[in-house]
Amino acid sequence: MKLDKGERGAASQSFLDKPSTMSQATPTLAYISGSWRAGGGGTFPVYDPANGAEIARVADCTPEDVAAAVDAASEAFKTWRLTSPKERAAILLRIRDGLNNNKDAIATILTRENGKPKGEAAGEVGFAASFFEWFAEEGRRQYGETIPSPAPSKRLVTVRQPVGVAALITPWNFPIGMIGRKVAAALAAGCTCVLKPAEDTPLTALAFAKVCEEAGVPAGALNVLPCSRSRVQSVGAALCDSPKVQALSFTGSTAVGRWIYQRCGTTIKKLSLELGGDAPFIVFPSADVGKAVKGALAAKFRNAGQTCVAANRIFVHESVHDEFVKQIAEAMDAELKSGHGLENGVNHGPVINQRQFDRLVKMIDESIAAGAKVVRGGKPGGGLFYPPTLLTGITLDMPVAKEEIFGPVAAILKFREEEEVVRLANGTAMGLAGYFYTGDVGQAWRVAEALEVGMVGVNEPMVSTCEAPFGGVKQSGLGKEGSLHGLDDYSHIKYICFGV
């Protein structure tokens with residue numbers, strides 16, 4: 001699907017020419033039907049949250065661009081669905097290789113527009129690549145079934161088939177990881193994709209599109225539509241309303257997820273929703289406190305606390321509370337270094353934008369005014385940097401205990417009994433992930449089964465991997481991503497009855 005020089009233009013030249021710098025070679029145009037195009041709404045700026053600098057202007061797509069991309073994906077589906085799983089797997093493995101071979105370049109782009117430390121960004125690129133390997137293999141195992149017939153004159157079988165065009169809406173906090181998780185599954189199932197990345201992090205998505213172009217993804221099988229915040233709702237509505245879009249996968253806030261759920265009702269799409277978290281993190285008296293502290297640091301402060309599975313409410317048994325607070329405060333002092341993500345040694349970056357920053361400041365200020373005690377941090381830094389913060393004396397009526405923090409703030413609550421803390425942990429409308437530390441095997445089973453969440457980390461803070469199902473319960477969403485179940489949202493089961 002090579003394009004001539006007139007179609008490609010400077011903005012689509014290989015960003016690999018200068019692998020570790022943001023430059024004009026980084027794609028900034030929309031990617032529709034195998035060509036790089038200007039958006040119908042002009043351009044919008046992308047900023048570095050660490051210093052406020054404008055780093056690029058990107059195509060601002062409109063509902064008309066959505067229609068063009070959906071038409072391209074619908075046309076491409078006619079042939080992509082007929083390619084064999086083995087052929088699709090070969091392309092997915094080339095995408096994996098393209099991501100891994102250019103990890104540094106993509107990680108640099110990601111850090112510049114997202115703010116997370118370069119090491120975390122590089123790890124995320126590898127994480128995205130792992131899904132292309134996984135689904136290249138799983139796509140070849142979309143088995144049907146032979147069903148024992150109730151009648152000798154019939155033979156009953158099922159086959160799996162792709163649903164069609166899939167709309168994929170991805171967040172800013174994992175701008176390549178969530179793309180990998182969704183696109184790999186959709187392409188492996190035989191679907192074609194229209195991807196709308198978050199307005200804060202479109203450059204990573206466009207760099208991904210370049211990798212896919214160079215890996216040989218057919219024109220129209222992947223389309224990428226960046227847009228400004230002012231156009232997010234209209235572009236999202238166009239994806240929800242299109243009858244040609246048969247599946248929609250969204251990762252983001254529960255409020256937006258509810259809107260998408262309602263909007264897609266008129267066209268009855270397959271929906272996959274990965275929404276808000278509010279994860280509990282519990283430290284029982286039998287736990288190894290040192291290990292629990294290390295786990296809490298990872299679960300709370302990765303990406304400056306801006307993850308859907310971040311530890312939101314940290315419940316610590318009263319018998320180990322003081323020791324836990326002492327150790328985690330010391331660990332925060334020793335291990336967390338703030339700064340620009342491209343600087344050596346930095347592992348704590350900024351909040352993504354002013355809107356999120358102001359929300360975080362208001363939440364913490366109100367909690368402190370309500371009686372929360374500041375052990376570390378608690379006051380805004382310069383720009384969009386909020387310092388790693390540790391609060392104790394938290395009560396259930398404080399904002400940090402009632403809302404998803406989505407920032408680098410560890411809020412500690414005391415508890416006495418197992419039954420009590422399980423009730424408190426489950427006292428939320430969300431149910432994405434939960435964590436706890438214990439030395440009691442029986443307690444491990446009881447609590448893991450009792451927590452109303454889709455994923456549980458027992459003495460382990462890092463639960464995400466391509467091999468395991470990722471998704472929540474209650475108002476944290478629908479469906480599972482990754483694992484052998486990851487193809488379900490992009491395929492349907494067809495039953496065939498033969499008369500013999």
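The model is a predicted one.

Start with a general idea. Empty space shows up when a probe the size of a water molecule is rolled over the atoms.

Now turn to the largest pocket. It holds about 1,200 Å³ of space. Its lining is made of 44 residues. Where is its centre? Look for Phe 250, Gly 252, Ser 253, Thr 254 and Val 256, the lining residues nearest to the centre.

Next, trace the elements that build this lining. Several helices and a strand each supply at least two residues to the largest pocket. Helix H8 spans 232–241, and strand S10 covers 245–251. Helix H9 runs over 254–263. Helix H12 (354–369) and helix H13 (399–402) also take part. Which element gives the largest share of this lining? H9 does, with six residues.

What classes of residue line the largest pocket? The lining has 18 nonpolar residues, along with 13 polar and 13 charged ones.

Move on to the second largest pocket. Its volume is about 320 Å³. Here 19 residues form the lining. Phe 127, Phe 174, Arg 302, Met 462 and Ser 464 are the closest of them to the centre of this pocket.

Helix H5 (118–138) and helix H6 (177–189) each give at least two residues to the lining of the second largest pocket. H5 contributes the most, with five residues. By class, the lining of the second largest pocket splits into 10 nonpolar, four polar and five charged residues.

Methods:
Residues are numbered from 1 along each chain as its sequence is written. This is a predicted model: local features need pLDDT of at least 70, side-chain atom pairs count only at pLDDT 80 or more; totals for chains, interfaces and linings use all residues. Side-chain values use heavy atoms; hydrogens and water are left out. On a 1 Å grid over the protein atoms alone, a cavity is a set of points where a 1.4 Å probe fits but cannot get out, and a pocket is an open set with protein on both sides within 12 Å along at least five of seven lines; lining residues have an atom within 4 Å of a point. Grid points are joined across faces, edges and corners, and a volume is the space filled by probe spheres set on the points. Helices (H or I, at least four residues) and strands (E, at least two) are DSSP runs, numbered from the N terminus. Ala, Val, Leu, Ile, Met, Phe, Trp, Tyr, Cys and Pro count as nonpolar, Asp, Glu, Lys and Arg as charged, and the others, Gly among them, as polar.
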